[in-house]
Amino acid sequence: MNSPAPTSGRPQDSAQTRAAALDDALRALDSLALRTAALARFRARERVAEGSEHHPAAAPATGAGRESVRSGTGPFAYDDTIADPPREVVALPGLPPWIRDVLGVLRGSSTVLRPDYAPDGTVHDFIVVAANHFELSGQERAGADLLGRPLSETRPGARTSGMYDAYRAALAKGRPVSTDTIDYVDVIDGTLQRARLRGTVSPLTTEGLLLTNWEPVGEARISRRIQESSRMGWVEWDLVTGRVQWSQGLRELLGLTAPPPEGVEPGDTRSVDRAARTVAPARSVAADFMTVGRLLEPDDVPGFTEDMRALLAGGEISGREVTVRARDGGRAQGRERGRAEGRDGGRGRAGDGDRRVRWLGSAQPPGANPPESLLVAARDITEQDERLRTALSAAERLRQEAVAERRVSETFRRALTPPLAALTSRRLSVSAAYVASESGIGGDWYKCRELPDGRVLLAVGDASGHGVEAASRAVQQRSALAGLAYTDGDAGELAAALGEVVYYAGIDTTATAVLGHLDPETRVLRWASAGHPAPVLVRDGEPTLLNAAQGVMFGVTPEAAYPVNSTRLRPGDLLLIYTDGVIERRGMDIDAGVAALLSAVRHCACRGEGAQTATDCLVETLLGPEAEDDATILALHVAR
């Protein structure tokens, strides 16, 4: 009888099976990314198509206008390279000759527009009467193709991006208007184009025209400073255009080499700068997922695919640590050192070139499915900066670390706590305000999201502590609530579940929160409180505290019951949910702080209605720059 075959090859077979399973998981992620990107492009084309439909604008040609027009936010799509002056200017006959001279020296995408008025005196559209050769997206264009045609026909994305608001504001004010960053998306010659822009619109009152100049917004200098001081980097995957932007800091973290753009020879700096200004599609997002996934330790690949799937569904990454394997050269050197020191050279340690990285991420716009872009920020946490430890004194080193900690926490908070989106119900408006304390960022968080069943989730919480750790716990609690909100539980059940998350987080910490569901049809708010300050209801200009039953703060016990309170809102009501930083002051007891809040609310109610009006006024009159704790206010207003 033959002897059984040796089993020494089984561990190798098991490793191969595991490697194949991980590769299959990455390929499945690849397919999901491709499908999500295709859907994002389809939705973007739909939105641009809606902007191309001709319909009279509601805003009149005269009246109050805004000095600054706010629109989309997020990482900018351009670097800080300076564009060459325009080479071509076109204009309709009869225009003053100086218009060509002005367009010839402007470095952005510049046009001269003639307002097209409807019979009722409102601005219906804008006709292009002169233009230079720069496209809004950064590419070059044939300006003659735009002349004499309505802007809504040639560039429908200008209507949906918020540019028309800036044009009407300049007409109304009769003086130049500058905009904040807007997110411009358009279909040009059948291709989706996207850019982050800032612009200036100047009325030419004598001629009855508008001079516009839009330039790409660059974040390179700010990004470089943050990356150099905090050993961090970022990447943005744009699902609409397929463009992928890696910061140099993250490339160095992952050990990637940045190839020159297509058609550019290595060392050709001028061509590289010119290519950086275009918005031509680059590598696919799916290919990048595969590249990054294969750089990680196998044990970290399942978590990586889970995070990327969450982002593709419009979610967030609250924080995950992974090990990035050294590239071949670094790993080989590590193995040699390991053998020389008598260690196992089969797997390099962090000191052998591997890096331990913590990353956070969010989808933009928040909660969109599919999202338009994905943003991931990462920080190298492998070791402390040796040069700081040796060159600076202990006191100076601690001060520098505190500054870096505050910078990192504020950067992450801006990325993961975006502005609130407008609610579907036109009778409801929401606004939020956050003011950091004098010692830096803290654990305040807020959330407002419409759920699939039509209810509106409202929540304000406060994770104990200050600094990066408190902000990280706040992000974790906020993200946990985002997932729990889809379990169909009432406010009490959500509070109980969130309390378990805080208790079992493995950290000796506590938190408070008020959370609830508002039914837009009945205007009934069902809410629960976990040791949090009582909300304020403003009715007919008079504020009152909603003192009701509440449960213990989170983190005290794993099992706690949270009673559900019910409050019916009326037309004209204003609801304020806030953190304890709003009512706590040095040398003032809590009752005096509450009285100061009610007095400020009563004062602000006289200024007018609306959630934004309320938060702006309260920040101005109540929240000073020397608060001991950070402060957050979430306001909801019911229109009359």
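Predicted model: local features only at pLDDT ≥ 70, side-chain atom pairs only at ≥ 80, totals over all residues.
Cys448 stands opposite Leu458 in β15. The strands β14 and β15 run antiparallel and are joined by eight bridges; β15 covers residues 456-466. Strands of a sheet pair through backbone hydrogen bonds, either parallel or antiparallel.

The pairing of β14 with β15 belongs to an open sheet of five strands, ordered β14-β15-β16-β17-β20 and paired in antiparallel fashion. At its edges are β14, residues 442-450, and β20, each of which pairs on one side only. From one strand to the next, the twist averages 15°. Helix α15, residues 491-503, packs on this sheet. The helix touches β14, β15, β16 (511-519) and β17 (524-530), and its direction makes about 150° with that of β16.

A further open sheet of five strands has the order β13-β22-β21-β18-β19, again with antiparallel pairing. Its edge strands are β13 (428-435) and β19, and each of them pairs on one side only. Neighbouring strands here are turned by 20° against each other on average, direction ignored. Eight bridges join β13 to β22, and these two strands run antiparallel. Within that pairing, Ala433 has Ile633 in β22 as its bridge partner.

Helix α16 lies across β18 (536-539), β19 and β21 (574-578), and runs at about 150° to β19. Helix α17 packs on the sheet as well, touching β13, β21 and β22. The direction of α17 makes about 20° with that of β13.

The loop between β19 (542-545) and β20 (565-568) holds Val552. Together with Met553 and Val556, Val552 makes a nonpolar surface patch of about 230 Å².

Charged side chains come next. The count of salt bridges comes to 17. One of them joins the side chains of Asp300 and Arg356, at 3.8 Å from N to O. This pair links distant parts of the chain, 56 residues apart: Asp300 is in the loop between α9 (285-293) and α10 (301-312), and Arg356 is in strand β11, residues 355-364. Are the two partners buried or exposed? Asp300 is buried, with a relative accessible area of 14%, whereas Arg356 is partly exposed at 29%.

Arg356 also meets Glu321 in a salt bridge, with an N to O distance of 3.8 Å. Glu321 lies in strand β10 (residues 316-324) and Arg356 in strand β11, so this pair ties together parts that are 35 residues apart in sequence. Glu321 counts as partly exposed, at 32% relative accessibility.

Toward the end of the numbering, the side chains of Arg640 and Glu609 meet in a salt bridge at 2.7 Å, N to O. This is another link between distant parts of the chain, 31 residues apart. Arg640 is in the segment after β22 (631-638), while Glu609 is in the loop between α16 (590-605) and α17 (611-621). Arg640 counts as exposed at 62% relative accessibility, and Glu609 as partly exposed at 42%. Elsewhere, salt bridges that share partners join Asp300, Glu321, Arg356 and Arg358 into one network.

The totals for the protein give the setting for these details. Its secondary structure comes to 17 helices and 22 strands. The protein has 640 residues, and buried residues make up 48% of them. Of the contacts with a separation of 6 or more, 68% are between residues 24 or more positions apart. The accessible surface comes to about 30,400 Å², and 51% of that surface belongs to carbon and sulfur atoms.

Notes
Residues numbered from 1 in each chain as written. Heavy atoms only, no water. Patch = residues over 30% accessible without salt bridge, like charges linked within 9 Å, V, L, I, M, F, W, Y side chains within 5 Å. Areas by Shrake-Rupley, 256 points an atom, 1.4 Å probe, with all protein chains shown as cover. Salt bridge = Lys/Arg side-chain N within 4 Å of Asp/Glu carboxyl O. Helix = DSSP H or I, 4+ residues; strand = E, 2+ residues; numbered from the N terminus. Pairing = 2+ DSSP bridges. Axes fitted to C-alpha atoms, helices over the stretch in contact; angles between N-to-C directions. Contact = heavy atoms within 4.5 Å. Buried < 20%, exposed > 50% of the residue type's maximum accessible area, 1.4 Å probe, protein only.
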